[in-house]
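Okay, thanks for coming, everyone.

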Amino acid sequence: MAILILGVMLSLSALELTKTVSSILAGLGIIGLALGFAFQDTAANFMSGVFITFNQPYKIGDIIQTKDGHEGKVIDVNLRVTKIRTYNGPIVHVPNRMLFQEYFINYTEEGKRRIQIECGISYGEDLETVQKIALEAMDGLPSRLKSEDPSIFWTGFGDSSINFILNIWVKFSTTEVNFIPARNEAIIALKKAFDKEGITIPFPIRTLDFGIKGGVRMNEELKELKIAELNGNSN
């Protein structure tokens with residue numbers, strides 16, 4: 001093919017059709033440039049797929065999360081895309097270059113995963129007692145990784161509660177994915193332990209200020225209104 005094109009170009013040059021040759025060459029250059037842009041992503045995905053295949057930063061069965069937030073199990077890796085089955089069921093086709101050029105999280109590689117439970121308790125509770133009860137409640141969880149002790153961190157003072165995060169570790173591999181069941185077990189166990197010991201998880205509480213400048217309780221405001229009403233009636 002190349003020899004044929006070269007022969008055509010030489011023939012046109014011999015016939016002094018230089019402008020025609022220039023036009024053809026310019027056209028071929030534009031076409032080549034357009035094809036280069038068109039297949040740029042395809043080539044990048046292909047090269048990324050080759051790298052992923054040989055280096056295996058993840059493999060079929062691993063649980064990964066992309067930069068865009070797609071999380072699930074890898075079900076297929078080819079030279080163009082990686083297929084991820086999300087927890088909700090749909091399959092996401094992620095271009096390989098996205099997983100090669102940008103970061104992603106491989107939850108399976110470490111073999112374990114931390115679960116964080118956010119909670120809050122009443123301001124009237126003793127924090128050391130709450131901490132002891134919460135940690136003891138996590139000891140009996142069947143899905144908890146026994147080699148890692150549970151931990152608790154107090155995060156601050158909320159509007160109506162003192163808040164904390166409870167951490168537990170679970171096994172996490174291609175054959176044992178008990179992340180969601182373990183979270184359910186932890187929440188149920190924590191609630192039961194608090195109910196048994198009388199620890200209060202408060203509802204949202206709002207304080208209402210009355211009076212022109214605020215800082216007046218409702219009963220005081222009603223008392224003032226009642227006095228004003230009685231004075232008006234007596235006049």
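So, is Y58 buried or exposed? Y58 has 2% relative accessibility, so it counts as buried; buried means under 20% relative accessible area, exposed over 50%, partly exposed in between, with a 1.4 Å probe and protein chains only.

Quick caveats: this is a predicted model, where local features need pLDDT of at least 70, side-chain atom pairs count only at pLDDT 80 or more, and totals for chains, interfaces and linings use all residues. Residues are numbered from 1 along each chain as its sequence is written, and side-chain values use heavy atoms, with hydrogens and water left out.

Now the rings. Phe, Tyr and Trp rings (six-membered ring for Trp) pair if their centres lie within 6.5 Å, and planes under 30 degrees apart are stacked, over 60 edge-to-face, the rest tilted. That gives 4 aromatic pairs. One of them is Y58 with F104, edge-to-face, at 5.3 Å centre to centre and 90° between the planes. Those two are 46 residues apart, linking distant parts of the chain.

F164 and F194 have ring centres 6.5 Å apart and planes at 75°, so that pair is edge-to-face too. Both are buried, and together with W154 they form one aromatic cluster.

There's also a charge over a ring: R113 lies over the face of Y107, 3.7 Å from the ring centre. The rule is NZ of Lys or CZ of Arg within 6 Å of the centre and within 35 degrees of the ring normal. K112 does likewise with W169, at 5.1 Å.

Notes: Helices (H or I, at least four residues) and strands (E, at least two) are DSSP runs, numbered from the N terminus.
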